[in-house]
Amino acid sequence: MGVSIGKPRVTITDTENREKSKETFRDYLNREGLRVTNQRLAIFDAAFRHPEHFTAEELLDQARAIDHSVSRATVYRTLPILTESGLVKEIDIGRDYKFYLASKGDKTEQAQVLCLDCDHIFEIDAPFMEWYAGSVSQKVGLEPEAIRLQVHSRCTRLRRNHQCEHYSARQG
Ligand SMILES: [Zn+2]
């Protein structure tokens, strides 16, 4: 079961961000002594063309559409490289598989609001998180290393109107 795919939001900034991120990915591979292969680049492209959160299996399908020689093993080996390089964010919502999201280059902390009914993840700018994390850590003499806020929610649109764009997207 995947997360619904929202309307594509392709802008000049997205394309610029993608090109910059691709350079970062190449540099990262070189630094780690890993080869820059067509398969790895296809996986990168598939991740960065995806407007929303995706699973490893969804990434596999889309990477194969770009380069049919991409194997499942290559996708599962490349995903950790993408997350370790900071280009892709890994999101664990307590299921037996993870979700991923290509970094849009934003520096603001994001909170995740999950719709349990529609199986949709919203990324919301939450600049207060950094302040809050710093403040509570300081109280116990620590410094924050990573910050995570996840809100698990129910869909009011679905309850009131018996329909929601994210619900129908998942069904279709
Ligand atoms: Zn909904």
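Val113 stands opposite Val151 in β5. The strand numbering follows DSSP runs, counted from the N terminus (strands are E runs of at least two residues). The model is predicted; local features need pLDDT of at least 70, side-chain atom pairs count only at pLDDT 80 or more, and totals for chains, interfaces and linings use all residues. Residues are numbered from 1 along each chain as its sequence is written.

Strands β3 and β5 run parallel and are joined by 4 bridges. Pairing of two strands requires at least two bridges between them in DSSP. Strand β3 (residues 110–115) is also joined to β4 (residues 120–125), by 6 bridges. These two strands run antiparallel. Leu114 has Ile121 in β4 as its bridge partner. A hairpin is formed by β3 and β4, with 4 residues between them. In its turn, Asp119 has a positive phi of about 60°.

Together, 3 strands form an open sheet with mixed pairing, in the order β4-β3-β5. Strands β4 and β5 (150–153) are the edges, each pairing on one side only. From one strand to the next, the twist averages 20°. For such angles, axes are lines fitted to C-alpha atoms, and values run from 0 to 180 degrees between N-to-C directions.

The protein chain is assigned domain 1 (12–102) and domain 2 (110–171). These bounds come from an automatic or database domain assignment. The domain centres, taken over C-alpha atoms, are separated by 23 Å. The contact takes 5 residues from domain 1 and 5 residues from domain 2. Contact means that C-beta atoms, placed from the backbone, lie within 7 Å.

Technical notes:
Two residues are in contact if their C-beta atoms, placed from the backbone, lie within 7 Å.
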